[in-house]
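Work through each task with the structure open, then compare with the solution.

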Amino acid sequence: MAVLSRHRTFRFRCYPTPEQEDNLVRTLGCVRLVYNKGLESRHKAWFRRRERINYAQTSALLTKWKHRQDLAFLNDVSSVPLQQSLRHLQKAFVNFWEKRASYPVFKKKRLTGAAEYTKSAFTWTNGELKLAKHTAPLEVRWSRRLPKGSEPSTVTVSRDRAGRWFVSMLVEQDIPTLPERRESVGVDAGLTSLFTLSTGETITNPRHERRDRERIRKLRRDLSRKQAGSSNRRKAGLRLARAHARVADRRHDILHKLTTRLVRENQVICVEDLGVRGMLGNGRLARAIADAAWAAFRAQLEYKAEWYGRTLIAVDRFLPSSKTCSACGTLKEDMPLRQRVFTCPERECGHTEDRDVNAAKNILAAGLAVAACGDGVRPKRA
Ligand SMILES: [Zn+2]
(Lines give C-alpha, C1' and ligand atoms only; values in the text may rest on other atoms or scores of the structure.)
Protein backbone atom coordinates (compact mmCIF):
# COMPACT_ATOMS: atom_id res chain seq x y z
CA MET A 1 0.00 0.00 0.00
CA ALA A 2 1.44 3.34 -1.04
CA VAL A 3 1.91 5.95 1.64
CA LEU A 4 1.94 9.64 0.83
CA SER A 5 3.10 12.44 3.01
CA ARG A 6 0.82 15.47 2.98
CA HIS A 7 0.63 18.80 4.67
CA ARG A 8 -2.58 19.08 6.52
CA THR A 9 -4.17 21.84 8.56
CA PHE A 10 -5.98 21.15 11.80
CA ARG A 11 -8.16 23.90 13.19
CA PHE A 12 -9.28 24.17 16.78
CA ARG A 13 -11.20 26.61 18.87
CA CYS A 14 -9.04 28.30 21.51
CA TYR A 15 -9.72 30.37 24.59
CA PRO A 16 -7.03 32.94 25.34
CA THR A 17 -6.85 34.44 28.85
CA PRO A 18 -7.69 38.17 29.02
CA GLU A 19 -3.96 38.91 29.02
CA GLN A 20 -3.34 36.67 26.00
CA GLU A 21 -6.34 38.08 24.22
CA ASP A 22 -5.01 41.58 24.72
CA ASN A 23 -1.72 40.53 23.18
CA LEU A 24 -3.44 38.75 20.29
CA VAL A 25 -5.72 41.69 19.53
CA ARG A 26 -2.68 43.96 19.40
CA THR A 27 -0.83 41.44 17.26
CA LEU A 28 -3.67 41.34 14.73
CA GLY A 29 -3.68 45.16 14.70
CA CYS A 30 0.09 45.29 14.08
CA VAL A 31 -0.12 42.61 11.38
CA ARG A 32 -2.71 44.72 9.57
CA LEU A 33 -0.70 47.92 10.03
CA VAL A 34 2.54 46.38 8.75
CA TYR A 35 0.74 44.87 5.76
CA ASN A 36 -0.84 48.20 4.89
CA LYS A 37 2.38 50.17 5.35
CA GLY A 38 4.26 47.64 3.22
CA LEU A 39 1.61 47.93 0.53
CA GLU A 40 1.76 51.73 0.64
CA SER A 41 5.56 51.72 0.26
CA ARG A 42 5.48 49.31 -2.66
CA HIS A 43 2.67 51.21 -4.31
CA LYS A 44 4.36 54.62 -3.99
CA ALA A 45 7.73 53.32 -5.13
CA TRP A 46 6.16 51.92 -8.26
CA PHE A 47 3.90 54.81 -9.18
CA ARG A 48 6.37 57.59 -8.37
CA ARG A 49 9.69 56.07 -9.36
CA ARG A 50 8.81 52.88 -11.29
CA GLU A 51 10.73 50.92 -8.68
CA ARG A 52 9.88 47.47 -7.51
CA ILE A 53 10.33 46.87 -3.79
CA ASN A 54 10.86 43.26 -2.79
CA TYR A 55 10.25 41.37 0.41
CA ALA A 56 13.77 41.97 1.79
CA GLN A 57 13.38 45.71 1.34
CA THR A 58 10.00 45.80 3.13
CA SER A 59 11.58 43.71 5.86
CA ALA A 60 14.32 46.37 6.24
CA LEU A 61 11.58 49.01 6.36
CA LEU A 62 9.92 47.12 9.22
CA THR A 63 13.11 47.42 11.25
CA LYS A 64 13.07 51.17 10.63
CA TRP A 65 9.39 51.47 11.63
CA LYS A 66 10.15 49.70 14.88
CA HIS A 67 12.65 52.42 15.74
CA ARG A 68 10.13 55.20 15.16
CA GLN A 69 8.69 56.59 18.34
CA ASP A 70 5.11 56.70 17.04
CA LEU A 71 5.36 53.04 16.00
CA ALA A 72 7.21 51.77 19.07
CA PHE A 73 4.20 49.59 19.94
CA LEU A 74 5.27 47.24 17.14
CA ASN A 75 7.91 45.96 19.56
CA ASP A 76 5.29 44.76 22.03
CA VAL A 77 4.21 41.87 19.85
CA SER A 78 6.12 38.95 18.34
CA SER A 79 7.98 40.06 15.22
CA VAL A 80 7.34 36.77 13.41
CA PRO A 81 3.67 37.41 12.48
CA LEU A 82 4.74 40.85 11.22
CA GLN A 83 7.41 39.32 8.99
CA GLN A 84 4.91 36.72 7.81
CA SER A 85 2.49 39.49 6.96
CA LEU A 86 5.11 41.02 4.64
CA ARG A 87 5.65 37.58 3.09
CA HIS A 88 1.91 37.35 2.44
CA LEU A 89 2.08 40.78 0.84
CA GLN A 90 4.93 39.57 -1.38
CA LYS A 91 2.80 36.60 -2.40
CA ALA A 92 -0.15 38.88 -3.15
CA PHE A 93 2.06 40.90 -5.51
CA VAL A 94 3.45 37.80 -7.20
CA ASN A 95 -0.10 36.59 -7.75
CA PHE A 96 -0.96 39.97 -9.24
CA TRP A 97 2.09 40.00 -11.55
CA GLU A 98 1.33 36.48 -12.69
CA LYS A 99 -2.27 37.52 -13.36
CA ARG A 100 -3.79 35.16 -10.82
CA ALA A 101 -5.21 37.90 -8.63
CA SER A 102 -6.12 41.56 -8.74
CA TYR A 103 -3.97 44.32 -7.25
CA PRO A 104 -3.49 43.95 -3.46
CA VAL A 105 -5.79 46.13 -1.35
CA PHE A 106 -5.48 47.60 2.11
CA LYS A 107 -6.72 45.51 5.01
CA LYS A 108 -9.65 47.25 6.68
CA LYS A 109 -9.95 47.61 10.42
CA ARG A 110 -12.15 44.72 11.44
CA LEU A 111 -12.80 42.36 14.30
CA THR A 112 -11.40 39.55 12.18
CA GLY A 113 -7.77 38.88 11.36
CA ALA A 114 -5.02 36.31 11.51
CA ALA A 115 -1.45 36.10 12.73
CA GLU A 116 0.94 33.43 11.49
CA TYR A 117 3.63 32.06 13.78
CA THR A 118 6.49 29.99 12.38
CA LYS A 119 8.56 27.57 14.45
CA SER A 120 10.78 30.18 16.06
CA ALA A 121 7.75 31.95 17.54
CA PHE A 122 6.04 29.14 19.41
CA THR A 123 6.89 26.14 21.51
CA TRP A 124 5.20 22.78 21.30
CA THR A 125 5.86 20.60 24.32
CA ASN A 126 3.80 17.69 25.62
CA GLY A 127 0.92 18.70 23.40
CA GLU A 128 0.84 22.23 24.73
CA LEU A 129 1.16 25.28 22.55
CA LYS A 130 2.79 28.44 23.79
CA LEU A 131 3.11 31.50 21.58
CA ALA A 132 5.90 34.07 21.70
CA LYS A 133 5.21 36.91 24.17
CA HIS A 134 2.80 34.66 26.09
CA THR A 135 3.67 33.48 29.59
CA ALA A 136 1.35 30.45 29.61
CA PRO A 137 0.24 27.86 27.06
CA LEU A 138 -2.89 28.63 25.07
CA GLU A 139 -6.05 26.81 26.15
CA VAL A 140 -7.08 24.83 23.09
CA ARG A 141 -10.18 22.66 22.73
CA TRP A 142 -8.70 19.58 21.10
CA SER A 143 -11.76 18.45 19.15
CA ARG A 144 -9.66 15.81 17.42
CA ARG A 145 -6.20 14.30 17.74
CA LEU A 146 -3.22 15.51 15.79
CA PRO A 147 -1.61 12.64 13.86
CA LYS A 148 0.66 10.57 16.09
CA GLY A 149 4.10 12.05 16.62
CA SER A 150 3.36 15.07 14.45
CA GLU A 151 4.61 18.49 15.25
CA PRO A 152 3.12 21.71 13.86
CA SER A 153 5.44 23.65 11.54
CA THR A 154 3.22 26.75 11.38
CA VAL A 155 0.54 27.98 13.74
CA THR A 156 -2.04 30.57 12.74
CA VAL A 157 -4.22 32.31 15.31
CA SER A 158 -7.34 33.97 13.98
CA ARG A 159 -10.55 35.59 15.11
CA ASP A 160 -13.82 35.29 13.21
CA ARG A 161 -16.66 37.76 12.83
CA ALA A 162 -18.39 36.30 15.86
CA GLY A 163 -15.35 37.18 17.98
CA ARG A 164 -14.27 33.54 18.46
CA TRP A 165 -10.61 32.59 18.48
CA PHE A 166 -9.16 29.70 16.47
CA VAL A 167 -5.79 28.15 16.08
CA SER A 168 -4.78 26.32 12.89
CA MET A 169 -1.81 24.02 12.87
CA LEU A 170 0.02 22.87 9.80
CA VAL A 171 1.41 19.36 10.22
CA GLU A 172 2.84 16.71 7.97
CA GLN A 173 0.90 13.49 7.89
CA ASP A 174 1.36 10.11 6.25
CA ILE A 175 -1.75 9.03 4.41
CA PRO A 176 -2.11 5.49 3.06
CA THR A 177 -4.00 5.13 -0.22
CA LEU A 178 -7.15 3.05 0.12
CA PRO A 179 -7.59 -0.26 -1.70
CA GLU A 180 -9.34 0.12 -5.04
CA ARG A 181 -13.13 -0.11 -5.19
CA ARG A 182 -15.41 -0.98 -8.05
CA GLU A 183 -18.21 1.36 -7.02
CA SER A 184 -18.73 4.80 -8.48
CA VAL A 185 -21.28 7.43 -7.62
CA GLY A 186 -22.92 10.54 -9.09
CA VAL A 187 -23.92 13.45 -6.88
CA ASP A 188 -26.65 15.97 -7.62
CA ALA A 189 -26.87 19.12 -5.53
CA GLY A 190 -30.23 20.57 -4.67
CA LEU A 191 -32.03 22.75 -2.22
CA THR A 192 -34.82 20.55 -0.90
CA SER A 193 -32.30 17.85 -0.13
CA LEU A 194 -28.71 18.92 0.19
CA PHE A 195 -27.36 16.17 -2.04
CA THR A 196 -28.87 13.26 -3.93
CA LEU A 197 -26.74 10.26 -4.85
CA SER A 198 -27.19 8.10 -7.92
CA THR A 199 -27.78 5.19 -5.53
CA GLY A 200 -31.05 6.87 -4.57
CA GLU A 201 -29.81 8.05 -1.19
CA THR A 202 -30.59 11.62 -0.22
CA ILE A 203 -28.65 13.74 2.23
CA THR A 204 -31.00 16.26 3.74
CA ASN A 205 -30.39 19.60 5.36
CA PRO A 206 -29.52 19.51 9.05
CA ARG A 207 -32.67 19.42 11.14
CA HIS A 208 -32.05 22.72 12.87
CA GLU A 209 -31.30 24.60 9.73
CA ARG A 210 -34.76 25.95 8.97
CA ARG A 211 -34.99 27.32 12.50
CA ASP A 212 -31.48 28.75 12.26
CA ARG A 213 -32.32 30.43 8.97
CA GLU A 214 -35.42 32.00 10.46
CA ARG A 215 -33.33 33.25 13.33
CA ILE A 216 -30.80 34.74 10.92
CA ARG A 217 -33.61 36.55 9.09
CA LYS A 218 -34.91 37.95 12.34
CA LEU A 219 -31.43 39.07 13.45
CA ARG A 220 -30.90 40.73 10.09
CA ARG A 221 -34.11 42.71 10.53
CA ASP A 222 -33.03 43.65 14.07
CA LEU A 223 -29.70 44.84 12.76
CA SER A 224 -31.22 46.99 10.04
CA ARG A 225 -33.38 48.79 12.62
CA LYS A 226 -30.42 49.77 14.80
CA GLN A 227 -28.76 53.13 14.36
CA ALA A 228 -25.50 53.14 12.42
CA GLY A 229 -22.46 53.35 14.69
CA SER A 230 -24.40 52.62 17.88
CA SER A 231 -23.27 50.01 20.37
CA ASN A 232 -26.64 48.29 19.97
CA ARG A 233 -25.90 47.88 16.30
CA ARG A 234 -22.51 46.41 17.07
CA LYS A 235 -24.10 43.91 19.46
CA ALA A 236 -26.80 42.99 16.94
CA GLY A 237 -24.06 42.48 14.34
CA LEU A 238 -22.23 40.12 16.68
CA ARG A 239 -25.40 38.10 17.34
CA LEU A 240 -25.96 37.77 13.59
CA ALA A 241 -22.35 36.68 13.02
CA ARG A 242 -22.71 34.05 15.77
CA ALA A 243 -25.87 32.63 14.19
CA HIS A 244 -24.11 32.44 10.81
CA ALA A 245 -21.11 30.75 12.41
CA ARG A 246 -23.33 28.10 14.03
CA VAL A 247 -24.93 27.20 10.71
CA ALA A 248 -21.51 27.05 9.06
CA ASP A 249 -20.06 24.82 11.81
CA ARG A 250 -22.88 22.30 11.55
CA ARG A 251 -22.57 22.22 7.80
CA HIS A 252 -18.84 21.74 8.09
CA ASP A 253 -19.27 18.61 10.24
CA ILE A 254 -21.87 17.07 7.96
CA LEU A 255 -19.83 17.77 4.83
CA HIS A 256 -16.66 16.26 6.25
CA LYS A 257 -18.42 13.05 7.22
CA LEU A 258 -20.12 12.83 3.84
CA THR A 259 -17.05 13.51 1.69
CA THR A 260 -14.95 11.04 3.69
CA ARG A 261 -17.61 8.37 3.25
CA LEU A 262 -18.01 9.02 -0.49
CA VAL A 263 -14.27 8.81 -1.03
CA ARG A 264 -13.94 5.64 1.05
CA GLU A 265 -16.80 3.82 -0.65
CA ASN A 266 -16.22 4.82 -4.28
CA GLN A 267 -13.40 4.73 -6.78
CA VAL A 268 -14.95 7.38 -9.02
CA ILE A 269 -17.07 10.29 -7.85
CA CYS A 270 -18.89 12.42 -10.42
CA VAL A 271 -20.23 15.87 -9.62
CA GLU A 272 -21.56 18.82 -11.57
CA ASP A 273 -19.16 21.61 -12.29
CA LEU A 274 -19.47 24.78 -10.22
CA GLY A 275 -21.65 27.48 -11.67
CA VAL A 276 -24.65 25.27 -12.25
CA ARG A 277 -25.84 26.43 -8.85
CA GLY A 278 -26.54 29.90 -10.12
CA MET A 279 -29.67 28.55 -11.78
CA LEU A 280 -31.42 27.62 -8.58
CA GLY A 281 -33.41 30.69 -7.66
CA ASN A 282 -35.28 29.95 -4.47
CA GLY A 283 -34.77 32.37 -1.61
CA ARG A 284 -31.49 34.23 -1.39
CA LEU A 285 -30.41 33.11 2.07
CA ALA A 286 -31.09 29.43 1.47
CA ARG A 287 -29.14 29.70 -1.75
CA ALA A 288 -26.18 31.48 -0.22
CA ILE A 289 -25.88 28.76 2.41
CA ALA A 290 -26.33 25.99 -0.16
CA ASP A 291 -23.74 27.58 -2.47
CA ALA A 292 -21.19 27.82 0.33
CA ALA A 293 -21.86 24.17 1.19
CA TRP A 294 -21.43 23.14 -2.42
CA ALA A 295 -18.12 24.96 -2.76
CA ALA A 296 -16.82 23.38 0.47
CA PHE A 297 -18.09 19.96 -0.67
CA ARG A 298 -16.22 20.24 -3.96
CA ALA A 299 -13.00 21.42 -2.33
CA GLN A 300 -13.09 18.60 0.25
CA LEU A 301 -13.80 15.95 -2.38
CA GLU A 302 -10.94 17.27 -4.46
CA TYR A 303 -8.27 16.96 -1.81
CA LYS A 304 -9.59 13.77 -0.25
CA ALA A 305 -9.80 12.10 -3.66
CA GLU A 306 -6.19 13.06 -4.28
CA TRP A 307 -5.07 11.83 -0.86
CA TYR A 308 -6.73 8.46 -1.17
CA GLY A 309 -6.11 7.83 -4.85
CA ARG A 310 -9.70 8.25 -6.04
CA THR A 311 -10.94 9.97 -9.17
CA LEU A 312 -13.16 13.02 -9.01
CA ILE A 313 -14.83 14.05 -12.25
CA ALA A 314 -16.69 17.30 -12.74
CA VAL A 315 -19.09 17.05 -15.64
CA ASP A 316 -19.95 19.94 -17.91
CA ARG A 317 -22.24 22.39 -16.24
CA PHE A 318 -24.44 22.58 -19.34
CA LEU A 319 -25.27 18.90 -19.24
CA PRO A 320 -29.10 18.71 -19.17
CA SER A 321 -28.98 16.25 -16.26
CA SER A 322 -32.54 16.87 -15.07
CA LYS A 323 -34.10 16.77 -18.53
CA THR A 324 -32.53 13.52 -19.69
CA CYS A 325 -33.99 10.07 -19.05
CA SER A 326 -31.40 8.05 -17.16
CA ALA A 327 -32.82 4.80 -18.53
CA CYS A 328 -32.97 5.48 -22.29
CA GLY A 329 -31.28 8.86 -22.79
CA THR A 330 -34.32 10.64 -24.23
CA LEU A 331 -34.13 14.40 -23.80
CA LYS A 332 -37.22 16.11 -22.48
CA GLU A 333 -38.12 19.55 -23.79
CA ASP A 334 -38.93 20.98 -20.44
CA MET A 335 -38.53 20.04 -16.79
CA PRO A 336 -39.66 22.86 -14.49
CA LEU A 337 -38.23 22.98 -10.97
CA ARG A 338 -41.56 22.27 -9.29
CA GLN A 339 -41.83 18.94 -11.13
CA ARG A 340 -40.38 16.53 -8.59
CA VAL A 341 -40.73 13.32 -10.60
CA PHE A 342 -39.14 12.62 -13.96
CA THR A 343 -41.33 10.71 -16.41
CA CYS A 344 -39.82 9.63 -19.70
CA PRO A 345 -41.81 10.95 -22.70
CA GLU A 346 -40.75 7.92 -24.76
CA ARG A 347 -43.71 5.53 -24.65
CA GLU A 348 -41.67 2.31 -24.91
CA CYS A 349 -39.50 3.41 -22.00
CA GLY A 350 -41.93 5.01 -19.58
CA HIS A 351 -39.23 5.36 -16.92
CA THR A 352 -40.28 7.35 -13.86
CA GLU A 353 -37.99 8.37 -11.05
CA ASP A 354 -37.39 11.04 -8.47
CA ARG A 355 -36.13 14.12 -10.26
CA ASP A 356 -32.84 14.39 -8.34
CA VAL A 357 -32.00 10.67 -8.42
CA ASN A 358 -32.51 10.73 -12.19
CA ALA A 359 -30.19 13.73 -12.44
CA ALA A 360 -27.55 12.10 -10.22
CA LYS A 361 -27.61 8.98 -12.44
CA ASN A 362 -27.07 11.16 -15.52
CA ILE A 363 -24.16 12.92 -13.84
CA LEU A 364 -22.62 9.54 -13.05
CA ALA A 365 -23.09 8.29 -16.63
CA ALA A 366 -21.63 11.49 -18.10
CA GLY A 367 -18.69 11.38 -15.69
CA LEU A 368 -17.90 7.74 -16.50
CA ALA A 369 -18.06 8.57 -20.21
CA VAL A 370 -15.53 11.35 -19.63
CA ALA A 371 -13.30 8.94 -17.70
CA ALA A 372 -13.50 6.37 -20.51
CA CYS A 373 -12.37 8.94 -23.10
CA GLY A 374 -8.98 9.36 -21.51
CA ASP A 375 -7.31 8.97 -18.20
CA GLY A 376 -5.93 11.87 -16.26
CA VAL A 377 -9.12 13.89 -16.55
CA ARG A 378 -8.90 16.60 -13.96
CA PRO A 379 -11.91 18.45 -12.65
CA LYS A 380 -12.26 21.75 -14.42
CA ARG A 381 -12.21 24.72 -12.12
CA ALA A 382 -14.74 27.40 -12.86
ZN1 LIG B 1 -36.59 6.85 -21.13
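The model is predicted.

**Exercise 1.** Which parts of the chain are linked by the salt bridge between aspartate 212 and arginine 246, and is each residue buried, partly exposed or exposed?

Solution. 
Step 1. The two side chains form a salt bridge with an N to O distance of 4.0 Å.
Step 2. Aspartate 212 sits in helix α4 (residues 209-225) and arginine 246 in helix α5 (residues 231-265), so the bridge joins distant parts of the chain, 34 residues apart.
Step 3. Aspartate 212 has a relative accessible area of 9%, and buried means under 20%, so aspartate 212 is buried.
Step 4. Arginine 246 has 34% and is partly exposed.

**Exercise 2.** Locate the salt bridge between arginine 225 and aspartate 222, and classify the exposure of both residues.

Solution. 
Step 1. The N to O distance of this pair is 3.7 Å.
Step 2. Both residues belong to helix α4, where they are three residues apart, about one turn of the helix.
Step 3. Arginine 225 has a relative accessible area of 62%, and exposed means over 50%, so arginine 225 is exposed.
Step 4. Aspartate 222, at 17%, is buried.

**Exercise 3.** Examine the salt bridge between aspartate 76 and arginine 26, and find the network to which these residues belong.

Solution. 
Step 1. The side chains meet with an N to O distance of 3.4 Å.
Step 2. Arginine 26 lies in helix α1 (residues 18-49), while aspartate 76 lies in the loop between α2 (55-67) and α3 (79-97), so the pair ties together parts that are 50 residues apart in sequence.
Step 3. Aspartate 76 is partly exposed at 37% relative accessible area, and arginine 26 is partly exposed at 36%.
Step 4. Salt bridges link Asp22, Arg26 and Asp76 in a network.
Step 5. For the whole structure, the count of salt bridges is 17.

**Exercise 4.** Which residues gather in the patch of positive charge on the surface, and which helix gives the largest share?

Solution. 
Step 1. The patch consists of Arg215, Arg234, Lys235, Arg239 and Arg242.
Step 2. Helix α5 contributes the largest share, four residues.
Step 3. Arginine 215 is in helix α4.
Step 4. Arginine 215 has 39% relative accessibility and counts as partly exposed.

**Exercise 5.** Where does lysine 226 lie, and how far apart are lysine 226 and alanine 236 in sequence and in space?

Solution. 
Step 1. Lysine 226 is in the loop between α4 and α5.
Step 2. With 28% relative accessibility, lysine 226 counts as partly exposed.
Step 3. Lysine 226 and alanine 236 are ten residues apart in sequence.
Step 4. From C-alpha to C-alpha, they are 8.0 Å apart in space.

Terms used. Residues are numbered from 1 along each chain as its sequence is written. This is a predicted model: local features need pLDDT of at least 70, side-chain atom pairs count only at pLDDT 80 or more; totals for chains, interfaces and linings use all residues. Side-chain values use heavy atoms; hydrogens and water are left out. Helices (H or I, at least four residues) and strands (E, at least two) are DSSP runs, numbered from the N terminus. Buried means under 20% relative accessible area, exposed over 50%, partly exposed in between (1.4 Å probe, protein chains only). Patches are made of residues with over 30% relative accessible area and no salt bridge: like charges are joined within 9 Å, nonpolar side chains (Val, Leu, Ile, Met, Phe, Trp, Tyr) within 5 Å. Accessible areas come from the Shrake-Rupley method with a 1.4 Å probe; for residues, only the protein chains shown count as cover. Lys and Arg count as positive and Asp and Glu as negative; His and the chain ends are not counted. The place of a charge is taken as NZ of Lys, CZ of Arg, CG of Asp or CD of Glu.
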